[in-house]
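User: Please take one part of this model and give me a close, connected walk through it. I would like the cut-offs along the way.

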Amino acid sequence: MSAWHNDQDASPRLDFIPTLQRRRLSPLARINLQLAYDINPDQQLLRCVFASRHGEIQQTVGMLQTLARDELLSPATFSHSVHNATQGLWSIFAQQKDECSAISAGIDTLPMALLEAATMLSDRREPAVLLMYSDEAVPDILKPDATEAMQRFAVCALIDANTPNLRLSALPSSPNHTPVATQHDVYRWWQSGEAQLLTQGLNCVWEWTRV
């Protein structure tokens with residue numbers, strides 16, 4: 001598993017992507033593509049799940065403001081703002097031609113992405129699944145709440161059908177199941193070595209347990 005956080009370089013080098021194409025990439029796309037390359041530098045055949053609650057929300061808000069000024073939209077900006085744009089770019093640059101999914105499920109986006117990856121592996125053990133989970137900082141104009149990203153982040157993990165080391169359970173919301181973190185904290189929890197983490201879901205509490 002690899003991750004990017006706000007005190008790191010906002011513009012990875014992306015030496016594996018031609019310069020002209022590299023210039024057109026958003027900061028979020030650059031980070032996702034660099035992490036995907038770092039975790040699979042030999043570009044072995046993989047399936048992919050791209051998960052993001054808001055996707056390229058900064059670009060989307062910018063385009064809406066452009067429309068509000070009665071100005072023309074940039075076709076390149078629009079094409080790179082759709083929810084599966086980063087996944088499409090990854091499949092082109094890495095020459096990946098297997099199954100891909102794009103997930104957006106609000107506060108449950110990361111658990112649903114893991115469920116999607118597990119379903120893929122249950123259906124077919126090979127190849128492994130690349131999970132990319134990321135979000136931009138939600139602009140203040142949208143009045144983000146405490147569950148949303150306050151800064152840009154990205155996490156990338158390679159998930160296979162070998163011996164499991166993580167169990168995810170949906171628990172009923174109750175005083176006995178008090179979440180102490182959001183989905184953004186899962187990477188830090190995993191790196192910490194702690195046995196368990198509870199995070200808030202829409203209609204449940206997600207229990208992350210190290211196996």
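Analyst: Happy to! Let's begin at a pairing between two strands: the bridge partner of A51 is Y133, in strand 4. This is a predicted model, in which local features need pLDDT of at least 70 and side-chain atom pairs count only at pLDDT 80 or more, while totals for chains, interfaces and linings use all residues. Residues are numbered from 1 along each chain as its sequence is written, and side-chain values use heavy atoms, with hydrogens and water left out.

A51 belongs to strand 2, residues 47-51. Strands (E, at least two residues) and helices (H or I, at least four) are DSSP runs numbered from the N terminus. Strand 2 pairs in the parallel sense with strand 4 (residues 129-135) over five bridges. Strand 2 also pairs in the parallel sense with strand 3 (residues 100-103), over four bridges, and there V49 stands opposite S101. Two strands count as paired if DSSP finds at least two bridges between them.

How do the side chains of strand 2 point? R47, V49 and A51 point one way, and C48 and F50 the other way. Five of the five residues are buried, so strand 2 is largely enclosed by the rest of the structure. Buried here means under 20% relative accessible area, exposed means over 50%, and partly exposed lies in between (1.4 Å probe, protein chains only).

Now back to Y133, which counts as buried at 6% relative accessibility. The whole structure holds three aromatic pairs. One of them joins Y133 and F153 edge-to-face, at 5.3 Å centre to centre and 65° between the planes. Because Y133 lies in strand 4 and F153 in strand 5 (residues 153-159), this pair ties together parts that are 20 residues apart in sequence. F153 is buried too, with a relative accessible area of 10%. For the pair criterion, rings of Phe, Tyr and Trp (its six-membered ring) must have centres within 6.5 Å; planes under 30 degrees apart are stacked, over 60 edge-to-face, and the rest tilted.

In soluble globular proteins, nonpolar side chains tend to be buried together. The largest nonpolar core has 23 residues, of which V49, L131 and W208 touch the most other members. The elements giving two or more residues to this core are strand 2, helix 6, strand 4, strand 5, helix 7 (186-192) and strand 8. Helix 6 gives the most, with six residues. A nonpolar core is a set of buried Ala, Val, Leu, Ile, Met, Phe, Trp, Tyr and Cys residues joined through side-chain atoms within 4.5 Å.

Take L131 as an example: not counting residues up to four places away in sequence, L131 touches V49, L110, A113, L114, V155, C156, A157 and I159, with contact meaning heavy atoms within 4.5 Å. A second, separate core of 21 residues includes L25, L35, M132 and C156.
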